[in-house]
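Biologist: Hi! Could you walk me through this structure?
Modeller: Happy to, here it comes.

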Amino acid sequence: MNIGFALFLFGFLRTSCFNADVQEAELEKPYLTLHTLNTQYILTWEHEAAGQYAVNFTTQYLSKYKLKSKRKVVWNSVCVGPEHSCDLTGVKLHYHAMYRLRVRASAHGRHSDWAQKDFCPDMDADLGPPSKVELSPVSNLLGVAISPPLTSEGEYMKQDVPQMYYRIHYWSRLEDPQGASPAVVNSGSEHVTLPGLQSWTWYCVRVQSRFDYYNKTSSFTSTQCMQTEGEIPYWLIFLYFLASLVAAFLFVLGSSYIIYKGYRVLKTTYFPSIQLPHHIQEYLSDSPHSDFPRLLSLEAEVEIVCDNISVCLEKDLLEVHSPTSDLEDDCGRHSRQHSGDSGVYSTEGGSAQKRGGHSQPIVARLNSWDAPLLEHVNMEMGGELLDEGVVDEGVLDIGV
């Protein structure tokens, strides 16, 4: 009886412990992946959630040499939370030391097993490409200035990896546009001059960081291209000179043409070559010396100005008589009417009154400036009268 009870109790306790182990093992441990570049380290993992419970993860690290210590080991916790990654860059792990990293999942008081990973930055961290590459022409060659990769704190990786060197690929852009078969130069210096280049030729360059001890190679930098220099051939100098002459000639010709056309437009606008007739200019202007035309004038401003001049020959001068057929009009009165500046002339006829067989004269004294007019009258009218031998007085009345 006692033996059977003991067996029953043993089986029950064994079953209970087995069930507890099964519940404890329900949380799977994470699967770790480490992403590194120079001195930047990010630990990531994959894990399936434990049912309806939220899962938190704990990330710890420890120097590997401490694991061999007989003292109690204290792990350093870095990240605790539901995230599936932990950035170890801020921990400032020594680049040449060995570390052990571990991550555990926890949910509702239960914990998974620790997932562990050994890590040595010098051995496992990826090497980045050069931080900067500059090209400069050196006669018919190219100079390459390389800046080493940078740490997370902005320092050169050359301090942590002194054996690092650079592999330089370069090729002619004309002969090999895609860089399928480039020339290769390896150099541990940051300043390199590429050999075997041609003058006035475009070359493309890309650089890679390498560390052969742990077989580390970085990606290449972006491709940069530059043209080499050299002595300028004479035909090229002559071509440049000819091109500059043509450009200067076209510039001067164009400028001269623009100035000439502008001058012609201004001259035609303000100083026209075709002038209006004089009588139209007098009509369009307020005065003969006015530069402002007056196209319209009021009738009230129109004024008729008449001056009458009577000419009578003295007894001691030659007497002028009109022909017998024209005795009815002994004196002719001519009036010149000025209507503004229209230049219209009108003639009025006058009749002579005979007194005792002779015409009655209207006498007016001529001024000294009327002498040419008197001579003109003598020439026009006196010639015929003298030929006829008429002795009567001739009276001429002219209106101006």
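Biologist: Which residues touch the most other members of the largest nonpolar core?
Modeller: Leu43, Ile168, Leu194 and Val205 do, in a core of 41 residues. A nonpolar core is a set of buried Ala, Val, Leu, Ile, Met, Phe, Trp, Tyr and Cys residues joined through side-chain atoms within 4.5 Å. Buried means under 20% relative accessible area, exposed over 50%, and partly exposed in between (1.4 Å probe, protein chains only). This is a predicted model, where local features need pLDDT of at least 70, side-chain atom pairs count only at pLDDT 80 or more, and totals for chains, interfaces and linings use all residues. Residues are numbered from 1 along each chain as its sequence is written, and side-chain values use heavy atoms, leaving out hydrogens and water.

Biologist: What does Ile168 touch?
Modeller: Its contacts (heavy atoms within 4.5 Å) include Ile146, Leu194 and Val205, not counting residues up to four places away in sequence.

Biologist: New topic: how many salt bridges are there?
Modeller: Four. A salt bridge is a side-chain nitrogen of Lys or Arg within 4 Å of a carboxyl oxygen of Asp or Glu.

Biologist: Which residue pairs with Lys64?
Modeller: Asp118, with the closest N and O atoms 3.0 Å apart. Asp118 also meets Arg100 in a salt bridge, at 2.8 Å from N to O.

Biologist: Why does Lys64 count as partly exposed?
Modeller: Because its relative accessibility is 28%. Asp118 is partly exposed too, at 33%.
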